[in-house]
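Please open the model in the viewer and keep the sequence panel alongside. The stops below proceed from one selection to the next.

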Number of protein chains: 2
Amino acid sequence: MKTKTLGDSHSLEQIRQRFVEAAGHVTQSLGAGRVIGQVYAYLYFSRKPQSLDDLTKVLEISKGSASMSVRQLEQWGALRQVWIKGDRKDYYEALDSFGKILRKALLDLIGRRMEVGDGLLEQVEGLLEEKGTSTQPTQEDLEFVQKKIALIRAFRDRTQRIWDSSILTLLLK
Amino acid sequence: MKTKTLGDSHSLEQIRQRFVEAAGHVTQSLGAGRVIGQVYAYLYFSRKPQSLDDLTKVLEISKGSASMSVRQLEQWGALRQVWIKGDRKDYYEALDSFGKILRKALLDLIGRRMEVGDGLLEQVEGLLEEKGTSTQPTQEDLEFVQKKIALIRAFRDRTQRIWDSSILTLLLK
DNA sequence: TGCTACGTTCAATACGAATTGAACGCATTA
DNA sequence: TAATGCGTTCAATTCGTATTGAACGTAGCA
């Protein structure tokens, strides 16, 4: 039991392994784990649905990892569960709507990280409104900060539009 | 010596700290450290150039961190070094061409991570060319893999165009 | 009803990357 | 020329987070 899957061709199996490895790096650099990419790539290059058990053996990952990765990928619409009658295991096959998948995944990953900064500009602008009437801070300081924040807002708004229109909609197609 | 900088206004100082914190999160999630963002935000909201020494005190980071961050930011065109005569310290002030800065930073960060996967498609397609003539692998397997890889290439080319045109050029303006 | 084989969960662990800080080199000044 | 005050470097450390694996719940089967 040395190599399994995808016929016996050495070079084809080699190619799959290359993709598994590369996908692992990609997802890792995107801030999802390495395993997620590996699982998807492996399933993508599998002719038949594979079980969690297969994944743990081939990718040498734990049962827990396999389970969690598969669930994450399912939520991103990257996998489909397949029942094989007379078999108690769950089987999975990869879907290939890369655009939709990437879109969901990015929104998820980015959203997960941007909570903190989100709404900061609005909050701060609110604070400045209040202070605008008071005279506590020196007029100079107030103007300085307002000017700086205005620059940020302008840039934010511009990139926001680009992001919304270009990326997401185009990835959808 | 409790609070320094930016006048004495509590609320304005508060605002700066908010931005420092937020910027730290952003750069961290982008895969550059937390410190990079903090340093930039602090300088951006400083009226006068600041020294490494200032940074270590205000941001509570080590001299090493301050030095490395400043250098990185300089390479991204985010900072400008300022000499103050009669002072042996180096001073820095933030530049605000956000577009150019982000562009350089992203190219750098992404480039740093994509080395692995880069050229993979080309390599693999090369391998498949060779195998195309041999009959080692079953015809079915060969076709399967070729089809799968073609899908990936199509997607890669499409997103590549979007990335090149939309993002980078627009960020330049 | 108990037994088996599976998937899930989450506290413990391992791992990689960010950060530190001591050692160093290089200016500047006396 | 020595002494002082910088910035830089990089091995050691710390810290966050991905991964593990043992314990658990559950569904099917005898």
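## Stop 1: DNA strand C

The model is a predicted one, in which local features need pLDDT of at least 70 and side-chain atom pairs count only at pLDDT 80 or more, whereas totals for chains, interfaces and linings use all residues. Residues are numbered from 1 along each chain as its sequence is written, chains are lettered from A and ligands numbered from 1 in the order in which they are written, and side-chain values use heavy atoms, with hydrogens and water left out.

Next, select A:Asp90, where a polar backbone atom is 3.1 Å from a phosphate oxygen of DNA strand C.

A residue is near a strand if one of its heavy atoms lies within 4 Å of it. Of the atoms of DNA strand C that come within 4 Å of the protein, sugar and phosphate account for 62%.

Colour this surface by class: four residues are nonpolar, seven polar and eight charged. Ala, Val, Leu, Ile, Met, Phe, Trp, Tyr, Cys and Pro count as nonpolar, Asp, Glu, Lys and Arg as charged, and the others, Gly among them, as polar.

Which helix gives the largest share of the surface near DNA strand C? H4(A) does, with five residues. H4 of chain A, helix H2 (34–44) of chain B and H4 of chain B each supply at least two residues. Helices (H or I, at least four residues) and strands (E, at least two) are DSSP runs, numbered from the N terminus.

## Stop 2: DNA strand D

Move to DNA strand D and select A:Ser65, where an N or O atom of the side chain is 2.7 Å from a phosphate oxygen. Backbone N or O atoms also approach phosphate oxygens of DNA strand D: one of A:Val35 at 3.4 Å and one of A:Gly31 at 3.5 Å.

There are 19 residues around DNA strand D, and A:Ser65, B:Ser67, B:Arg71, B:Arg88 and B:Asp90 come nearest. Sugar and phosphate make up 63% of the atoms of DNA strand D that come within 4 Å of the protein. The surface near DNA strand D has four nonpolar, seven polar and eight charged residues. H4(B) contributes the most to it, five residues, while H2 and H4 of chain A and helix H4 (63–75) of chain B each supply at least two.

## Stop 3: the sheet of chain A

Show chain A as a cartoon and find the open sheet of three strands in the order S1-S3-S2, with antiparallel pairing. Two strands pair if DSSP finds at least two bridges between them. Strands S1 (50–51) and S2 (79–82) of chain A are at the edges with a single partner strand each, so one side of each has no neighbour in the sheet.

S2(A) pairs with strand S3 (residues 91–94) of chain A over four bridges, in the antiparallel sense. Select A:Leu79 to see A:Ala94 in S3(A) opposite. Helix H2 (residues 34–44) of chain A packs on this sheet and touches S1, S2 and S3 of chain A, its direction making about 85° with that of S3(A). Contact means heavy atoms within 4.5 Å. Axes are lines fitted to C-alpha atoms, for helices over the stretch in contact, and angles run from 0 to 180 degrees between N-to-C directions.

## Stop 4: H2 against H4 in chain A

Select H2(A) and H4(A), whose axes come within 9 Å and cross at roughly 75°. H2(A) is therefore roughly perpendicular to H4(A), a term for angles of 65 to 115 degrees. A:Val35, A:Ile36, A:Val39 and A:Tyr40 in H2(A) meet A:Ser65, A:Ser69, A:Val70, A:Gln72 and A:Leu73 in H4(A). This contact comprises six nonpolar, three polar and no charged residues.

Methods. Angles under 35 degrees count as roughly parallel, over 145 as roughly antiparallel, 65 to 115 as roughly perpendicular and the rest as oblique. A polar contact is a pair of N or O atoms within 3.5 Å; within protein, one must be able to donate a hydrogen and the other to accept it, and residues adjacent in sequence count only if both atoms are side-chain atoms.
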